[in-house]
Structures are given as structure tokens and as C-alpha cells.
Amino acid sequence: MYSIGQVSEMFGIPVSTLRYYDKEGLFPNLERSGSTRRFGEGELELLRVIDCLKKTGLEIRDIKRFVDMVQEGPSTYAARKELFEARRVQAEEEIERMQKALAMVKFKCWYYETAQKDGGEERLWEMIPDGLPKDIRKLYDLGHS
């Protein structure tokens, strides 16, 4: 069992956020000793899932619905799977957006490094897009798609 302070340190989450999650009902089986919260392995795993769902853009009220479904038991497996399928799609779309952004950033790093070496951008303007080195052209194309 872990104290709220220990869990805060383990996950890098403020104690106030953990208290808020508890207040919102995200830890339905949380043990208490007086006013002290005691987090077990179940709460730690749930916190990992909460963090995952938040990173995919799910709001607390929807995470609460997930926690409620878990409490309801096996009859909600299909709904829970559907929730995670939607989160998977969201995460894949975000990864694709970030890959495009990363490609543009890498292209611009190369571009400005080359401009510095050349003492200007004139040669680069002439190279874009067909005269770019193959690997840089891939970055350019992805970043401009």
C-alpha cells in the first residue's frame, strides 16, 4: 500500500490531482485509514490507464464512465473495447500529425544548417523540391503533405 504522497512521486502527478481524481470517483475501491488514502496495486494500474486515456484526449467524465463500466463487470467488455478502439484511432491520428510535424522540423534544421554553410538561401531555393537530396526530399514531402 502506498500513501498519496508516494503515488504522487511515483507518477509525477500532484497530490491535488490525485485528490481530484478520488473526488470524481476514479478510485472506487480506494482504502482509507481515517482520512488517509491508501493506494494498492489496483489503483496504481488504474492510474496508468487514466494517464493513458488522458493522453489520448479523453475527458475526466468519460474516464469516470470507463471506471463505472469496470465496476459493472464483464457485461461491459464490448463497450470498454470500443472505448479503447476509439482511443487507438485517436492516438494513431495524433502520431501521424506529429510525424508530419517532425519531418518539417527536421527539414528546416537541414535547411538552415545548409543556409548557414552556404551563407544564404539562394542555392536552397533552386533545389526545392526536385533538387533536394533523396532523404531530405522525403522529409520535405512528408512535412508538406
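Helices (H or I, at least four residues) and strands (E, at least two) are taken here as DSSP runs, numbered from the N terminus.

A word on the model itself. It is predicted, so local features need pLDDT of at least 70 and side-chain atom pairs count only at pLDDT 80 or more, while totals for chains, interfaces and linings use all residues. Residues are numbered from 1 along each chain as its sequence is written, and side-chain values use heavy atoms, with hydrogens and water left out.

Now for the overall dimensions: the C-alpha trace spans about 70 × 35 × 20 Å along its principal axes. Of the 145 residues, 32% are buried, meaning under 20% relative accessible area with a 1.4 Å probe, protein chains only. Among contacts (heavy atoms within 4.5 Å) with a separation of 6 or more, 49% are between residues 24 or more positions apart.

Finally, a local detail to look for in your viewer: Ile128 and Pro129 are joined by a cis peptide bond, with omega about -10°. Pro129 sits in the loop between α6 (122–127) and α7 (134–143).

How values were computed: Buried < 20%, exposed > 50% of the residue type's maximum accessible area, 1.4 Å probe, protein only.
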